[in-house]
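Let's take a friendly walk through this model, from ring pairs to packed helices and a sheet. Have the structure open as you read.

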Amino acid sequence: MEVLRNPKREDWTGLTQRPLFDLTQLFSVVQPILENVKQRGDVALFEYEEKFDKAQLTTLEVTPAEVEEAVALVEPALKEALQVAHRNIASFHEAQRPQSLVVETCPGVRCEQHTVAIEKVGLYVPGGTAPLLSTVLMLGIPAQIAGCRTVVLCTPPNAEGKINPAILYAASLCGIDKIYKVGGAQAIAAMAYGTETVPAVHKIFGPGNQYVMAAKQLVALSQVAIDMPAGPSEVEVFCDATCVPQFVAADLLSQAEHGVDSQVILVCTNESTLTEILEALEEQLVNLPRKEIAEKALQNSKAILFDTVEQGVEFTNSYGPEHLILSVEGYRDLAPLMPHAGSIFLGNYSSESAGDYASGTNHTLPTKGWVRSYSSLSLSSFMRSYTVQELTPEGVVAIGTAVETMADAEQLFAHKHAMTLRLQSLSK
C-alpha cells in the first residue's frame, strides 16, 4: 500500500480516484454480445457458454432434479450457516415494508401513494474464482418478501455444466425455481431481451466483473432497469489508537481478496497504530490463499495518516466508500458525520464480512462514489410506488383557478380547458 502523511487538500481529488478502465473499450466488446443474444436467443447463449465458461450444454435451465442433487451435496454446517444468514436478512428486510400514504392536501383533494412489487426481476450471481452464494440470499430474499411474481436467476456453470451446489441450495431457500446456466454479459442480455428459454425481466440486479457491469449499463439505456451502476469492491477503515491492528489488517485483506481491481483505503490518526496495522497486514498476507489477488489489489490502495479526526472525516466524505469501518473512539457520534458510505460498520467487532454474509443488512452497495446519489439495495429496490388522486367538487373549486392560471402560463390550453369545463359545470 502507498503510505501518505497529511496529504494536501488539493491532492485529495487524485487520492479518491478508483482504478480506471476504459469503458469505451468495454462497451465495444459487450455490445456485439448483447445484439447477438437479442437476435439469436438460445443459440447464442449456448455458443457463449462454450466459449467463455468452457461448458458444452444441452439445456440452459436447471432442473428440479439438479437442485435436489445439489441440496444433498451441501455440507450440513454450510446449510446451517445459510439458514442463519437467511433468517437475519429476512428479518431486516421484512421490517422495511412500506406503508401506504393518504393525504388531503386541501379540502376536497385527496392524494395517495401506494407501493407494489416489480413483477419480473432478474438476479445475476457470479461464479468464477469466488462463487457468491451469499449474493443469492441478498437478492433473492427481498425479491421474495416484495412479492415479485417472476424471479429469474442466472449464474455461470463450470466446465462440466454444473452450478455450485451451495448457490442452488441458497436459491431453494429463497423459493427461486427459474435458474439458468448462463454467465457474463450474455446472461444480462438474456434477462434484458428474453430468449426461447430465459424470460425477459423488468429490472436486473447483481454484481459481476467489468463486462457484466458494462452490459448492465448498456441494457439500462433501453427497456430494462438495473439496481445501480457499480464497479469493483472497496472498503475504507477509519481508525485511531483504540483499534485492534490485527482486526483492521484482516478487514483490509478481506476486501482486497475480492479481485485485482478492488481497492482498500486506510485512514488513521495515530502514527504508531498505522505502523502496527501495516506490519499485521504483511504477516496475514503471507498465509492468504488468494495472496496474489490481494497483493495486486493493494497496489491500487492507500494508507493515509491525518493529524486530526476532523481531517479524516472530511476526506472520508470526499472518498465516499462502498464499505466504511469505524474503529475509532466515539464511533456513534462520528457515524452521522460521514453519510457518504454504502454501509457503515461500527466499532472493533463489526467486521465487514459480517455484513457480507449474515448480520442482516444487504451487501449489494454502490461503489465508485455513487453513494452520493444511489442507495444501498433494500426491499424498496424490488418495489415501485405509484400515486392516486381524487378531487371532489369542493376540490375542483379549491385548486381549479390555480390549475387554469398555470396551464395558461405554459400555453397548454387543452390542459386549461379540462379544468375550465369542470369549474363551469359547478357554477350552473
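## Aromatic pairs

Rings of Phe, Tyr and Trp (its six-membered ring) count as a pair if their centres lie within 6.5 Å; planes under 30 degrees apart are called stacked, over 60 edge-to-face and the rest tilted. A search of the whole structure turns up 7 aromatic pairs. In one of them, the centres of Phe-247 and Tyr-349 are 5.8 Å apart and the planes stand at 70 degrees, so this pair is edge-to-face. Phe-247 belongs to helix α10 (residues 245-256), while Tyr-349 sits in the loop between β13 (343-346) and α15 (352-357), so the pair ties together parts that are 102 residues apart in sequence.

A word on the model: it is predicted, so local features need pLDDT of at least 70 and side-chain atom pairs count only at pLDDT 80 or more, while totals for chains, interfaces and linings use all residues. Residues are numbered from 1 along each chain as its sequence is written, and side-chain values use heavy atoms, leaving out hydrogens and water.

## Helix α6 and its partners

Helices (H or I, at least four residues) and strands (E, at least two) are DSSP runs, numbered from the N terminus. Axes are lines fitted to C-alpha atoms, for helices over the stretch in contact, and angles run from 0 to 180 degrees between N-to-C directions. Helix α6 (residues 133-146) and helix α7 (residues 165-173) have axes that come within 9 Å and cross at roughly 15 degrees. That makes α6 roughly parallel to α7 (angles under 35 degrees; over 145 is roughly antiparallel, 65 to 115 roughly perpendicular and the rest oblique). Contact means heavy atoms within 4.5 Å; here α6 contributes Leu-133, Val-136, Leu-137 and Gln-144, and α7 contributes Ala-166, Ile-167, Ala-170, Ala-171 and Leu-173.

Helix α5 (residues 76-94) also packs with α6, at an angle of about 40 degrees and with the axes 10 Å apart. That makes α5 oblique to α6. Among the α5 residues in this contact are Leu-82, His-86 and Glu-94, and the α6 side includes Met-138, Ile-141 and Pro-142.

Two strands pair if DSSP finds at least two bridges between them. An open sheet of 3 strands runs in the order β2-β3-β14, with antiparallel pairing. Its edge strands, β2 (101-106) and β14 (383-391), each pair on one side only. The twist from one strand to the next averages 20 degrees.

Between β2 and strand β3 (residues 109-117) there are 5 bridges. Val-102 has Glu-112 in β3 as its bridge partner.
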